[in-house]
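Student: I'd like a close look at one part of this model, the charged pairs. Could you walk me through them?

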Amino acid sequence: MATKVVINRKALQEFFVTDPGAQAGLAKTAKAVEVAVAEAGPFGSSLSWPWRRPIKHGWFKKSLHTRPFRGGFRVYSRDPFAHLIEFGSIKNPTYAPFRRVIRAFNGRINAKKAASSGEGAE
Amino acid sequence: MRVVDTERLLSGWLRAQPEIVALVEDRVYTENPNRAVFPLLKINQIAGNPVFSRPLYLDESLIQLDAYGGPKVQARQLIDTTRELLAERFVGHHVDIGVVTAVNFGDLTYLPDDGYAPPKPRWIALASIYTHP
C-alpha cells in the first residue's frame with residue numbers, strides 16, 4: 001500500500017524560525033556557505049587581462065558576512081565590486097562564487113520561480 | 001562515452017545562426033576577448049551537474065549569456081534573439097557532438113558592465129541546458 005507524505009511547509013518554516021536547535025543548524029550551514037563562497041572566489045593568479053598577474057588576496061574574503069534574515073541567515077558581500085566577480089565583465093571572467101555554491105548545496109538560483117512552482121526554494 | 005562540452009556546442013551553433021550573424025557577425029565568445037568589438041555575446045558555463053553519475057550520460061550545464069550592446073536596445077535585441085533561438089531550434093540532435101534534450105531559462109537581468117566608463121549596456125540571461133552524447 002502506497003503512503004502519501006504531505007509536507008506542511010508552514011509548520012516546517014515555523015519550526016526553523018523558533019527552534020533553537022534548528023537556528024543553530026541554520027547558522028552552521030550559513031557559515032559553511034560563507035566559507036565555500038570564499039573558496040570559490042578568485043584565487044592564485046588572475047584570469048583577467050593581463051593574464052597570470054598575481055591577485056591581492058583577502059579583499060573578497062573579508063567582504064563576506066553572515067547575518068540573521070527573515071528567520072534564516074543571509075550570506076552577503078559588502079564589496080561594492082562583488083558583482084564583477086559574480087557576473088564577470090568584459091575584462092573579468094565569471095567566477096560566480098555565490099551561484100556555484102548555491103548549486104553545490106543543492107539550492108536553486110531562481111528562488112521565486114521555484115517557490116511559485118511549489119518545489120521549495122529557501 | 002563522454003559528456004558534451006556545452007559551451008563549445010552552444011558557441012559554435014550560435015555562430016552558425018543567420019539571426020546572430022546579422023547582429024554580431026562571429027563575435028560569440030567563451031573567453032574574454034583581448035580587444036573587444038561591440039556588440040558581442042559572451043557564453044560562460046558557471047556550474048553543471050550530471051543528472052545521474054552512473055552512467056555518466058545526461059548532463060546539465062548552467063550557462064550565463066552576456067549580451068553586450070552597442071546601445072541598451074541592441075543588447076536587449078541580442079539577448080531576446082538568442083533566447084528565442086535556443087527555445088525554438090537548439091533542442092535536438094547536433095551531428096558529431098551530441099543531443100540537447102531541454103533548455104530551461106532562468107533570470108533575465110540588466111546589469112551594465114561598469115568596467116567601462118560610462119558602463120557598457122549588458123543583459124544577462126541564465127539557461128540550464130541538458131545534453132547527452
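Student: Is B:R89 buried, exposed or partly exposed, and what is its relative accessible area?

Tutor: Keep in mind that this is a predicted model. B:R89 is partly exposed, and its relative accessible area comes to 37%. Its side chain meets that of B:E19 in a salt bridge, at 2.4 Å from N to O. This pair ties together distant parts of the chain: B:E19 sits in helix α2 of chain B and B:R89 in helix α3 of chain B, 70 residues apart. B:E19 also counts as partly exposed, at 30% relative accessibility.

Now for chain A. There, the side chains of A:K31 and A:E34 form a salt bridge at 3.4 Å, N to O. The two are about one helical turn apart, because they lie 3 residues from each other in helix α2 (residues 20–40) of chain A. A:K31 is partly exposed at 45% relative accessible area, while A:E34 counts as buried at 12% relative accessibility.

Back in chain B, B:R27 and B:E25 bring their side chains together in a salt bridge too, 3.2 Å from N to O. B:R27 is buried, with 11% relative accessible area. Over all chains, a search of the whole structure turns up 7 salt bridges.

Notes. Residues numbered from 1 in each chain as written. Chains lettered and ligands numbered in written order. Predicted model: local features only at pLDDT ≥ 70, side-chain atom pairs only at ≥ 80, totals over all residues. Heavy atoms only, no water. Salt bridge = Lys/Arg side-chain N within 4 Å of Asp/Glu carboxyl O. Helix = DSSP H or I, 4+ residues; strand = E, 2+ residues; numbered from the N terminus. Buried < 20%, exposed > 50% of the residue type's maximum accessible area, 1.4 Å probe, protein only.
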